[in-house]
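Subject: Structure handover

Hi,

Here is the structure for your files. My notes follow below it.

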Amino acid sequence: METTTRVYHAGSRAVQDRVGVREAADHVGRSIGPGIKPVAAAFLERRPLLVVGAAAPETGRVWASPLAGAPGFVRATGPRQLSVTGGLRPADPLATALATGGTHVGTLALDPCTRRRMRLNGRSRPTPRGFAVEADRVFANCPKYLQKRESYEVVADREPGESRRTRRLTDAQRAFVDSADTFFIATVHEDGAEAGHRGGNPGFVRTVSPTELTWRDYPGNAMFLTLGNLAVDPRAGLLFLDWTTGATLLLTGEARTEFTSGGERRVRFTLTEAVDTPRAVPLRWSAPAYSPANPTPPG
């Protein structure tokens, strides 16, 4: 198992020290290791959705993208290896990254039905049936801010529409973001990548202009992996998913953390490019029950 010294780089340590949670972070960090335990392997094999985060080698831009399939399309195929059958569509911004051996990849598997989630980070390599990730770090996250969705169905005849790329958010896209209760965020550092989750009641993330978003960073597990990455590398990718229609909105740009005198943290994201794809995910989830941990967003 990795030590906390190796788990946290200088960016995460700087944020932990600023907030005063280094001791708590060290405690949580002891649960992080490179192995996929049997309970984690069983969890992965039941998931119909996997979020992946990485930097596109063509542009250096960071993206978070969804992968969906019948349970079993994601499996542990070794004590330190995750394998995915199938891959991203050629038009996806991370298609080349996952087809390139040695790419730093962060993955997030979640179960909205039980509000459980786990993360596995490592390096990817292409395989004849998709790609694999050799794990460097495997760990579970607490259920905070994860909305409960009791069930899902596969929409068999749902085919992805044509992706639309823009450099500014449309009014419809801004309304979609402003009504979201969940998004996913990808960040990177010199030796790795992370795919994380952010959740709250609708309104917790807001567009302040066609090129800027902001959200409050709620108290979490004290590790500050995402904010730590942003402290050393501002590149970030966001994924917004319509849990009913399967539409996705992928955003790439840069993010910075603002610390207020009252102890609140707020993240501001500046957009470089957006990719909007109708019917991208063939899953339809039930309506959410919002997490009891969610703060009420300001009016």
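Helix H2 (residues 10-19) packs against helix H3 (residues 22-29) at an angle of about 130 degrees, and their axes are 8 Å apart. Axes are lines fitted to C-alpha atoms, for helices over the stretch in contact, and angles run from 0 to 180 degrees between N-to-C directions. H2 and H3 are therefore oblique to each other (under 35 degrees is roughly parallel, over 145 roughly antiparallel, 65 to 115 roughly perpendicular, the rest oblique). Helices (H or I, at least four residues) and strands (E, at least two) are DSSP runs, numbered from the N terminus.

This is a predicted model: local features need pLDDT of at least 70, side-chain atom pairs count only at pLDDT 80 or more, and totals for chains, interfaces and linings use all residues. Residues are numbered from 1 along each chain as its sequence is written, and side-chain values use heavy atoms, with hydrogens and water left out.

Back to the helices. On the H2 side, Arg13, Gln16 and Asp17 meet Arg22, Ala25 and Asp26 of H3 (contact means heavy atoms within 4.5 Å). By class, this contact of H2 with H3 has 4 charged residues, 1 polar and 1 nonpolar. Ala, Val, Leu, Ile, Met, Phe, Trp, Tyr, Cys and Pro count as nonpolar; Asp, Glu, Lys and Arg as charged; the others, Gly among them, as polar.

H2 also packs against helix H7 (residues 225-232), at about 115 degrees with axes 7 Å apart. H2 and H7 are therefore roughly perpendicular to each other. Gly11, Ser12 and Val15 of H2 meet Leu225, Leu227, Gly228, Ala231 and Val232 of H7. The contact of H2 with H7 divides into 5 nonpolar, 3 polar and no charged residues.

Now the strands. Strand S1 (residues 49-55) is mostly covered, with 6 of its 7 residues buried (buried is under 20% relative accessible area, exposed over 50%, partly exposed in between; 1.4 Å probe, protein chains only). S1 pairs with strand S2 (residues 62-68) in the antiparallel sense over 7 bridges. Two strands pair if DSSP finds at least two bridges between them. Leu50 has Leu67 in S2 as its bridge partner. The S1 and S2 hairpin has 6 residues between the strands, and Gly60 there takes a positive phi near 80 degrees. S1 also pairs with strand S5 (residues 104-111), antiparallel over 4 bridges. Gly53 stands opposite Gly106 in S5.

One last residue. Ser291 lies in the segment after strand S19 (288-289). Ser291 is buried, at 4% relative accessible area. Beyond its neighbours within four places in sequence, Ser291 is in contact with Arg115, Pro143, Lys144, Tyr145, Leu146 and Gln147.

Best wishes
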